[in-house]
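Reader: I would like to learn how to read a structure like this one. Please show it to me, and I will ask as I go.

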Amino acid sequence: MIEFGLESLSHADLAYQWHSGFASSDENISRLEMEQCKALAANGKLVVAKRINGTDIPEFVAVIYYDVENSTWVLGGLMTDYNVRGKGVAQVLCSLALGRLIALENPFGRSERIVSHVARSNDRPKRLLELAGFQKVASMKSSRETDEGEERWIDEYELKNRYVALEMLKKWAANWNLPLCSSIQKRSLLTLPPGNNIADWHAIFEVQQKYGT
Ligand SMILES: CC(C)(COP(=O)(O)OP(=O)(O)OC[C@H]1O[C@@H](n2cnc3c(N)ncnc32)[C@H](O)[C@@H]1OP(=O)(O)O)[C@@H](O)C(=O)NCCC(=O)NCCS
């Protein structure tokens, strides 16, 4: 069984370990600091998928976070375990993170940007972002070089097409596990804390789409 939801502060250190192990072997991921990871978990901004394994120790299969700085929201740190790639896990996780962000933080109503940074050479997440209404808006040279000592370029994707984003999120909120391949869909669970109801989010997406805020 794979459970999608928000990581709590009590397991933020384990989420950090999983994240940093992954980040150290994948140069497409910028590593978070432990304190950052704890702050994200404490604020419900660390969105995870984990295998329910009958113990108290979470077995992470995917992570994403969202955070805000200077009125710009960033979706970052997306990663899925090799064993479950290509099965829709990242799509569900992105929808959960973006849906929660849009429903609870109202970035559109406050004219706040939502962006994500992707290494130019990394095509895998780009289609996911485009499906959610993001477009490439800028490229910048990274301060980090590649393992081969070459320049790294980062593309900035911004959520530009709200209609597409809200349409995608409405479909997702009506049937949250539909993007998953059938073998995972049957073994998937969405657990959210009180105050997080995706049927309510669906209504918010509909209003935002209709009235533009
Ligand atoms: C990028 C990454 C997170 C994608 O994770 P994922 O869980 O495999 O993503 P999904 O399964 O949602 O989508 C991946 C592909 O599987 C396909 N897929 C998804 N669900 C599917 C299903 N039910 N049936 C068939 N194919 C499916 C998607 O269409 C997508 O295809 P595409 O690559 O042609 O667009 C993963 O490759 C990863 O961790 N990469 C390393 C870290 C990284 O690059 N992170 C991004 C930093 S910006």
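This is a predicted model: local features need pLDDT of at least 70, side-chain atom pairs count only at pLDDT 80 or more; totals for chains, interfaces and linings use all residues.

Reader: Which residues come nearest to the ligand?

Author: A residue is near a molecule if its C-beta atom, placed from the backbone, lies within 6 Å of it. There are 21 residues around the ligand, and T80, R85, G88, A90 and R127 come nearest. At least two residues of the shell come from each of β4 (72-80), α3 (89-105) and α4 (124-131).

Reader: How many helices and strands does the chain have?

Author: Helices (H or I, at least four residues) and strands (E, at least two) are DSSP runs, numbered from the N terminus. The chain has 7 helices and 8 strands.

Reader: In what order do the strands lie in the sheet?

Author: Two strands pair if DSSP finds at least two bridges between them. Here 8 strands form an open sheet with mixed pairing, in the order β6-β7-β5-β4-β3-β2-β1-β8. β6 (134-141) and β8 (188-191) are the edge strands, each pairing on one side only.

Reader: How many bridges join β3 and β4?

Author: Strand β3 (residues 59-69) pairs with β4 over 7 bridges, in the antiparallel sense. T80 in β4 is the bridge partner of A62, and G76 in β4 is the bridge partner of Y65. The hairpin of β3 and β4 has 2 residues between the strands, and N70 takes a positive phi near 50° there. On β2 and β3, which also run antiparallel, there are 6 bridges; one partner of R51 is E59, in β3.

Reader: Which strands does helix α1 lie across?

Author: Axes are lines fitted to C-alpha atoms, for helices over the stretch in contact (C-beta atoms, placed from the backbone, within 7 Å). Angles run from 0 to 180 degrees between N-to-C directions. Helix α1 (residues 12-25) lies across β2 (46-51), β3 and β4, and runs at about 95° to β3.

Terms used:
Residues are numbered from 1 along each chain as its sequence is written. Two residues are in contact if their C-beta atoms, placed from the backbone, lie within 7 Å.
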